[in-house]
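Morning, everyone. Please bring up the model on your screens. I will walk through it piece by piece.

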Amino acid sequence: MSQQPPPFVPDTSSSPAAAEASALAAIDALIAPLNRSDAPGLVMGIARNGRLLYRRAVGMASLEMGVANTPTTRMRIASTSKHFTAMAVLLLAEDGLLDVDDAVHKHLPEMPQLSAEGPTLRHLLNHTSGWRAHDELWAIAHGLTFTRPGPGLPAMVRQRELNFEPGTQMKYSNGGYHLLAKIIERVSGQSFNDFLKARLFGPLGMPDTASVATDLDVVPGLAGLYMPAPGGGWQRGLYPCELDGGGSLVSTVDDMLRWLAHMRSSEKIVGSAKSWALLSEPTTLRSGSKVSYGFGLARHPYRGVEIIHHAGAVLGAQSQMLSVPAHGLDIIVMVNGAPVSPSPLALKVVELLLGDALAPPEVRPLASAFPTLLGHHYHAPANGGLIGFADVAGKLAMSWQAGAATPMHQGEGRLWLGLQDLPVNDLVIDAGDIDPQRTPDTLVLYEGGEPRRYERLHAPAPDAAALAEKLCGDYTSADLDATAQLTLANGALLLTVHGRHGQHACVLKPLSPDVMTLTSTDPVLSQMGKSILNVERKAGRVTGLRLSTLRTRNIHLVRQEPRA
C-alpha cells in the first residue's frame with residue numbers, strides 16, 4: 001500500500017535561496033509517489049559547489065524483509081561504473097605500467113589478431129574497438145540462463161570477426177570494458193576490486209563502493225534488484241553474466257557525490273588533472289567525425305550548458321550520474337526497480353535548479369513535415385543495417401537496428417540521432433534529400449561521418465510460410481559456440497539458438513525475403529528491443545544467416561547440409 005512521505009524540509013544551515021528551496025520541494029514532489037512500502041524505490045543525492053542540497057531515499061530495499069531504502073543504502077550503478085575502470089587504466093598509465101595506445105594483445109595475448117589496426121586500449125576505452133561483447137553473445141546463445149564468472153573472456157577470444165575496423169565507428173561494448181578489467185588485474189597483480197579499493201575508493205574516502213562481479217554475491221547494505229513480474233508483483237533481477245569492468249560497482253549517494261566533487265575539483269588526490277580530463281574528452285573517429293564520448297563518460301551541451309554524465313542499467317537496477325561543471329551541480333540517482341527512468345529525472349533536476357540559466361528546450365521535427373518517410377524501412381546491403389521511421393507523439397522518429405523509434409533532432413539542414421539518444425555514432429541524414437511529395441527509394445545515412453547507402457524495403461512483406469522451405473534447417477555458429485534451428489511453427493518462423501548452457505528462441509518477422517526482424521520469446525529480453533537477421537544466398541540457395549543487435553553486428557550462422 002502507498003504511504004505518504006514526510007514533508008521535505010530544506011537545509012536551513014546552508015541558507016538556500018527561495019528559488020532553490022522551491023526547486024527542491026518540486027524535486028521532492030516528483031519522487032514522492034515512489035515512496036511505497038510495497039515496491040522498490042530509489043535514492044537520490046544533489047550537491048551544489050560541494051554543498052549538499054538533497055539526500056533522500058524512497059521505496060523498499062528489501063521487499064522480502066520489509067526493509068526500506070535509506071540514503072546510506074548501497075545500490076548497483078551498472079554502466080556508470082565504466083569511468084572508474086577507465087580511471088584505473090589511466091592510473092596504471094601514470095605508473096608507466098601500460099600505455100593507452102598499447103595493442104590489447106600485448107596484455108591479453110590469447111585474444112585473436114583480427115585487425116592490423118589493433119584494437120588498442122584506447123579503442124576499448126572509447127568503444128571504438130569493434131569487439132563484440134561477452135554479455136550480448138551470451139544472451140543470443142543462452143537467453144537469461146545464469147552463469148558464474150568465467151565464460152566472458154573465452155567468449156571474446158572465440159570471435160572470428162570484429163563489428164567494424166577499430167577506430168572507424170563507435171558501438172557501445174560492455175565486453176571492451178570487461179577486457180580492461182582483465183588487463184588491470186594482469187598488469188597490477190591485484191584483483192579488479194582490490195586495485196580499485198587501494199587506488200581510488202580508499203584515498204577518496206568511499207568506503208561503501210566496491211566491485212561486485214555477480215548478483216549471487218551477498219553484500220551488506222545492498223538493495224535488492226527487482227523487476228515487474230509478468231503476472232503482477234515483483235521478481236528478482238539477476239544479470240546472467242559477469243559484470244567486472246563494465247557494470248560491477250555498487251555505491252551510495254554520499255560516496256558518489258564525493259567522487260563527483262573530486263572529479264570537478266582542480267585539486268586532485270589521485271591521478272593527474274590530465275587523466276581526469278580524458279574521461280570525458282570527445283573521441284575523434286578515423287573519418288574525422290567526433291563522438292561526444294570519452295573514456296567512460298559523455299560530455300555535450302544540454303539546453304545551453306555543458307553536462308558530463310553516464311547512465312547505467314542492469315536487470316532490476318538503473319542509475320544516472322550527471323554533473324554541470326559550470327554551475328557546480330552534481331546529481332546521482334540510483335534505482336532498484338522503481339518505475340522511473342533516472343536519466344530524464346536527472347535532467348528534470350537540472351531544469352528545476354538552473355531554470356533561467358538554461359536555453360529554451362529543443363524543438364524536434366514534426367512527423368507531419370516528413371510524411372513520405374513514415375512507416376518505411378530502409379536497408380543497407382553493404383553492412384546489413386536497418387532504419388525505419390515512425391510518428392512518436394507527433395515527432396519524426398527513427399528506429400536503428402530494429403530498436404524503438406526515437407524522436408530525431410533537426411538543424412542546419414540535417415536530421416540526426418546522437419549519443420544522447422543511442423549508444424552509437426551520430427546517425428545523420430541530409431534533410432534536403434527528402435522529397436515531401438514522394439517517398440525516396442534510397443537514403444544516405446552518415447554513421448560516424450561515413451556515408452552508407454540505404455535502400456527502401458518495398459511492401460508488402462512476404463509471408464513467413466512462403467519463405468519457410470528455403471530458410472528452415474540447421475545452422476551453426478563458431479562465434480556463439482552454438483547451433484541453431486530455423487523452423488515454421490503455427491505459421492511463424494522461429495529461430496532457436498542452442499548454447500552449451502541454455503537456449504534462446506526468437507520469432508522472425510519478414511520485411512523482405514532477405515531481411516527480417518527478430519523478437520525474443522523471453523518476456524524480459526523482448527522488452528529490450530528487436531534484432532535483425534540478414535539472409536545469405538548463393539545461386540539462390542540459402543547458405544547462412546547474419547544476426548545483428550543494437551551492439552553486435554553480423555554474427556554468422558552457417559547452414560548445415562542435411563546428411564544423406
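Which residue in β9 is the bridge partner of Arg76? It is Val250. Before the rest, some ground rules. This is a predicted model, so local features need pLDDT of at least 70, side-chain atom pairs count only at pLDDT 80 or more, and totals for chains, interfaces and linings use all residues. Residues are numbered from 1 along each chain as its sequence is written, and side-chain values use heavy atoms, with hydrogens and water left out.

Back to the sheet. Helices (H or I, at least four residues) and strands (E, at least two) are DSSP runs, numbered from the N terminus. Two strands pair if DSSP finds at least two bridges between them. Strands of a sheet pair through backbone hydrogen bonds, either parallel or antiparallel. Here we have an open sheet of three strands, in the order β5-β9-β6, with antiparallel pairing. β5 (75-76) and β6 (210-211) are at the edges with a single partner strand each, so one side of each has no neighbour in the sheet. β5 pairs with β9 (residues 249-251) over two bridges, in the antiparallel sense.

Next, helix α9, residues 253-264. Its twelve residues reach 17 Å from first C-alpha to last, close to the 16 Å expected. That expected span is 1.5 Å times one less than the number of residues. Which residues of α9 are buried? They are Val253, Asp255, Met256, Leu257, Trp259, Leu260, His262 and Met263. Buried means under 20% relative accessible area, exposed means over 50%, and partly exposed is in between (1.4 Å probe, protein chains only).

A salt bridge is a side-chain nitrogen of Lys or Arg within 4 Å of a carboxyl oxygen of Asp or Glu. By this rule the model has 26 salt bridges. Arg258 forms one with Asp255, with the closest N and O atoms 3.3 Å apart. Both sit in α9, three residues apart, which is about one turn of the helix. Arg258 is partly exposed at 38% relative accessible area. Asp255 is buried at 2%.

Arg264 makes a salt bridge with Asp330, closest N and O atoms 2.9 Å apart. Arg264 lies in α9 and Asp330 in strand β15 (residues 329-335), so this pair ties together parts that are 66 residues apart in sequence. Arg264 is partly exposed at 27%. Asp330 is buried at 1%.

One more pair: Asp514 and Arg537, at 2.5 Å, N to O. Asp514 is in the loop between β28 (503-510) and β29 (515-520), and Arg537 is in strand β30 (residues 531-538), so parts 23 residues apart in sequence are tied together. Asp514 is partly exposed at 29%. Arg537 is partly exposed too, at 32%. Separately, salt bridges with shared partners join Arg132, Glu161, Asp479, Glu536 and Arg546 into one network.

On to helix α2, residues 82-94. Its 13 residues should span 18 Å, and the end C-alpha atoms are 19 Å apart, which agrees. How many of its residues are buried? Eleven of the 13. Among them are Phe84, Met87 and Leu91. Just after α2, Gly96 takes a positive phi of about 80°.

Most residues other than glycine have a negative phi, and most peptide bonds are trans. Gly118 and Pro119 are joined by a cis peptide bond, omega about 0°. Pro119 is in the loop between α3 (104-107) and α4 (121-125). Ala459 and Pro460 are also joined by a cis bond, omega about 0°. Asp481 has a positive phi near 55° and is not a glycine. Its place is the loop between β25 (473-477) and β26 (482-489). Asn554 has a positive phi of about 60°, and lies in the loop between β31 (541-548) and β32 (555-559).
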